[in-house]
Amino acid sequence: MFKNKTLWIVLAVIAVIIFASIGWVKGIYNNMVTQDENVKTAWSQVENQYQRRLDLIPNLVNTVKGYATHEQQTLEGVINARANATRVNINVDDLDEESLRRFQAAQGELSSALSRLLAVAEQYPDLKANQNFLELQAQLEGTENRISVERKRYNETAQQYNTYIRSFPNNMLAGMFGFHQKAYFAAETGAERAPVVEF
């Protein structure tokens with residue numbers, strides 16, 4: 001009788017340990033899934049804002065084209081940069097440093113081309129007074145701010161996710177279940193230096 005009772009106690013303890021372990025793994029796994037989905041959501045918001053900017057560009061180019069007919073090279077530069085930016089696609093499940101760097105480079109080229117376009121617009125007083133151009137310029141500025149906010153949110157969400165999957169013992173389970181670190185947006189090269197202003 002004593003051996004039978006001991007066997008049942010041992011089996012009960014083993015069962016409790018197994019169920020507790022399954023519950024622990026399940027909890028960590030589900031938290032990783034939740035945080036991974038949060039990163040994906042934050043990334044989609046970044047893409048939405050970049051798409052908004054891409055959608056504004058044709059209208060802006062057409063408005064400028066009507067006034068600055070001999071600025072063809074600048075207009076083509078914006079159109080080409082926009083086309084290049086649309087070609088760079090990132091799989092949200094594989095947000096590594098290299099793919100994010102390519103994405104940032106394409107978006108940086110587009111930002112540079114837009115800056116040149118807006119500088120050209122400064123040379124045309126009629127264009128600067130055009131209500132459509134002013135509205136598009138304001139929308140573009142607002143979109144740039146939204147992009148900055150969404151990139152910051154993405155970085156915060158990715159940091160929370162990366163910290164969670166790299167913490168012990170979560171890191172062991174993350175590797176087993178295929179959860180990998182997500183890359184961060186970084187400042188553009190040269191952003192640490194203040195621009196030189198000369199009069």
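Where is glutamine 35 found?

## Glutamine 35

In this predicted model, glutamine 35 is found in helix α1. Its relative accessibility is 9%. Buried means under 20% relative accessible area, so glutamine 35 counts as buried.

Which residues does glutamine 35 touch, leaving aside residues up to four places away in sequence? They are Gln160, Tyr161 and Tyr164.

## Glutamine 49

Helix α1, which covers residues 2-67, also holds glutamine 49. Is glutamine 49 buried or exposed? With a relative accessible area of 12%, glutamine 49 is buried.

When residues up to four places away in sequence are not counted, glutamine 49 touches Thr143, Arg146, Ile147 and Glu150.

## Helices α5 and α6

Two packed helices are described by the angle between their axes and by the distance between those axes. Helix α5 spans residues 131-166 and helix α6 spans residues 170-177. Their axes come within 6 Å and cross at roughly 100 degrees. Angles of 65 to 115 degrees count as roughly perpendicular, and therefore α5 is roughly perpendicular to α6.

Which residues make this contact? From α5 they are Tyr164, Ile165 and Arg166, and from α6 they are Asn170, Asn171 and Ala174. Sorted by class, the contact of α5 with α6 has three nonpolar residues, two polar residues and one charged residue. Tyr164, one of the α5 residues in this contact, is also among the residues touched by glutamine 35.

Key: Residues numbered from 1 in each chain as written. Predicted model: local features only at pLDDT ≥ 70, side-chain atom pairs only at ≥ 80, totals over all residues. Heavy atoms only, no water. Axes fitted to C-alpha atoms, helices over the stretch in contact; angles between N-to-C directions. Helix = DSSP H or I, 4+ residues; strand = E, 2+ residues; numbered from the N terminus. Parallel < 35°, antiparallel > 145°, perpendicular 65-115°, else oblique. Contact = heavy atoms within 4.5 Å. Nonpolar A, V, L, I, M, F, W, Y, C, P; charged D, E, K, R; others polar. Buried < 20%, exposed > 50% of the residue type's maximum accessible area, 1.4 Å probe, protein only.
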